[in-house]
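This report describes a pocket and a set of paired strands. The chain is shown first, and the description follows.

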Amino acid sequence: GDVRDALLTRGAASLGDLPAGAVVGTASLRRQAQVLHRRPDLKVIPLRGNVATRLARLEAGVCAATLLAAAGLDRLGMAQRATALLAVEEMLPAVGQGAIGLACRDDDARMLALLTAANDQATACAVSAERAMLAVLDGSCRTPIAGLARIMGDGALELRGLVARPDGSAVIADTMRGVPANAEAIGAALGRALKAAAGPCWPQQ
């Protein structure tokens with residue numbers, strides 16, 4: 001699915017159009033950090049609950065804008081609610097965003113065969129690189145980490161990664177490329193590079 005984040009607002013056409021001091025609601029530290037890095041004049045407040053709850057709070061004026069995964073809105077048949085879809089250069093997505101993962105027992109040969117037939121190899125390769133990066137960074141939903149891997153036109157796997165302070169005051173980003181067969185190694189290498197660049201104070205909570 002679409003890896004991008006969707007911006008939903010009460011009037012503004014983009015993040016840049018929000019007035020100074022406007023309130024953005026999100027429970028994601030990844031989104032919070034990137035919003036505040038670009039717009040330190042905005043105020044971010046926690047906004048939790050399912051999609052319907054968050055949209056109701058937006059409409060009630062609790063916040064001027066919120067951010068949700070575009071793929072999630074699409075799968076709920078609510079893609080039209082998005083004000084704008086943010087380019088990955090503006091808002092790097094979460095690891096695995098847009099992908100659907102299935103778990104299976106290692107010894108269930110019949111199910112593994114069925115899943116192999118349904119598997120999207122390019123997506124699996126990309127997510128493997130992203131998750132390897134996340135593992136090195138010891139990341140979770142409570143750490144401001146973003147990552148996106150894609151198979152490029154020349155056949156190379158490109159992985160972009162980002163770590164940040166929750167207040168947006170520091171954002172460290174890097175990119176690595178290699179052959180798709182080395183997806184996990186590329187992800188681990190980028191994770192180590194980001195961790196080294198962030199220094200001994202990582203993670204910043």
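Two strands are taken to pair if DSSP finds at least two bridges between them. The model discussed here is predicted. By that criterion, strand β2 (residues 23-25) pairs with β4: 2 bridges join them, and the strands run parallel. Within this pairing, Gly 25 stands opposite Thr 66 in β4.

Strand β4 also pairs with strand β1 (residues 5-9), here in the antiparallel sense and over 5 bridges. Leu 7 stands opposite Leu 67 in β4. The two pairings are set out below.

| Strand paired with β4 | Sense | Bridges |
|---|---|---|
| β1 (residues 5-9) | antiparallel | 5 bridges |
| β2 (residues 23-25) | parallel | 2 bridges |

Strand β4 itself, spanning residues 65-69, is mostly covered, with 4 of its 5 residues buried. Buried here denotes a relative accessible area under 20%.

The second topic is the largest pocket, which has a volume of about 820 Å³. Its lining comprises 29 residues, of which Ile 100, Gly 101, Asn 119, Thr 123 and Ala 124 are the closest to the pocket centre. The elements that give two or more residues to this lining are α4 (109-118), α5 (121-136) and β6 (145-151). Helix α5 supplies the largest share, 8 residues.

What is the make-up of the lining of the largest pocket by class? It has 15 nonpolar residues, 9 polar residues and 5 charged residues.

Methods: Residues numbered from 1 in each chain as written. Predicted model: local features only at pLDDT ≥ 70, side-chain atom pairs only at ≥ 80, totals over all residues. Heavy atoms only, no water. 1 Å grid on protein atoms, 1.4 Å probe; cavity = no way out; pocket = protein on both sides within 12 Å on 5 of 7 lines; lining within 4 Å. Points joined across faces, edges and corners; volume = space filled by probe spheres on them. Nonpolar A, V, L, I, M, F, W, Y, C, P; charged D, E, K, R; others polar. Buried < 20%, exposed > 50% of the residue type's maximum accessible area, 1.4 Å probe, protein only.
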